[in-house]
Amino acid sequence: MPVGQLVALRNKTRGVLVLTPDPSDPKAYLEFQAYEDPGGADYQYVSEQVAANSPPIVKAILHQILEMPEDTLSPDVQASFRQQMEVAQAQKARAAEAVLKSIERTEHRDLVGTPCVGPGTTSGTFCGQSVPVREGESRESAPLCPQHKGLAQEFVPFDDFDGEKHNVRWVRARLGERERGVA
Ligand SMILES: [Zn+2]
């Protein structure tokens with residue numbers, strides 16, 4: 001294969017960028033100075049075949065870390081570059097989708113509707129309005145709806161062991177003014 005013409009790659013970041021076009025040959029690396037380097041060292045020149053077929057370079061262009069004028073590539077190299085770009089784009093989309101899925105899973109697993117332990121409308125009952133509580137945070141504060149949030153300091157957690165697992169039971173330790181009979 002004839003050695004193609006050189007294409008200019010430009011670092012678009014504000015820091016020095018070191019990139020290995022071929023991960024199996026880490027000794028052959030490109031070092032770019034920061035974007036708009038006064039000496040022009042934010043540009044590096046590589047053969048167009050290398051630029052179009054190196055996954056690290058293609059990815060850097062996709063993530064807008066590197067800039068390459070695509071129209072300077074010969075038509076056949078341009079075709080292979082576009083193909084590499086599509087592969088990298090599909091990988092990026094799959095990675096983003098995987099992240100999104102894991103976030104959804106975490107949210108569904110973590111948020112548990114727990115009844116509010118604040119006082120109900122009649123004596124001896126409790127509010128019961130469902131409060132979303134994150135799993136693992138159930139011992140940190142009593143489940144209280146927005147209306148009863150201000151009573152948080154009055155609740156103390158007790159460990160309830162039902163023979164199988166430990167549950168937390170919130171008991172109102174300090175009675176409010178009304179319950180104490182103070183008008
Ligand atoms: Zn409540």
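Hi everyone, let's start at I57, which touches L9, L19, P21, A51 and L66, leaving aside residues up to four places away in sequence. Touching here means that C-beta atoms, placed from the backbone, lie within 7 Å. A quick word on the source: this is a predicted model, where local features need pLDDT of at least 70, side-chain atom pairs count only at pLDDT 80 or more, and totals for chains, interfaces and linings use all residues. Residues are numbered from 1 along each chain as its sequence is written.

Now, the core. I57 is among the members of the largest nonpolar core, 13 residues, that touch the most other members, along with L9, A51, I61, L66 and M68. A nonpolar core is a set of buried Ala, Val, Leu, Ile, Met, Phe, Trp, Tyr and Cys residues joined through C-beta atoms within 7 Å. Buried means 20 or more other C-beta atoms within 10 Å of the residue's own, exposed 12 or fewer, and partly exposed in between, with C-beta atoms placed from the backbone. Helix α2 gives this core its largest share, four residues. Helices (H or I, at least four residues) and strands (E, at least two) are DSSP runs, numbered from the N terminus.

On to the sheet. Three strands form an open sheet in the order β4-β1-β5, with antiparallel pairing; strands pair if DSSP finds at least two bridges between them. β4 (43–47) and β5 (66–67) are at the edges with a single partner strand each, so one side of each has no neighbour in the sheet. In β5, L66 stands opposite N11.

Finally, is S80 buried or partly exposed? S80 counts as partly exposed, because it has 14 C-beta neighbours inside 10 Å. Thanks, everyone!

Methods
Two residues are in contact if their C-beta atoms, placed from the backbone, lie within 7 Å.
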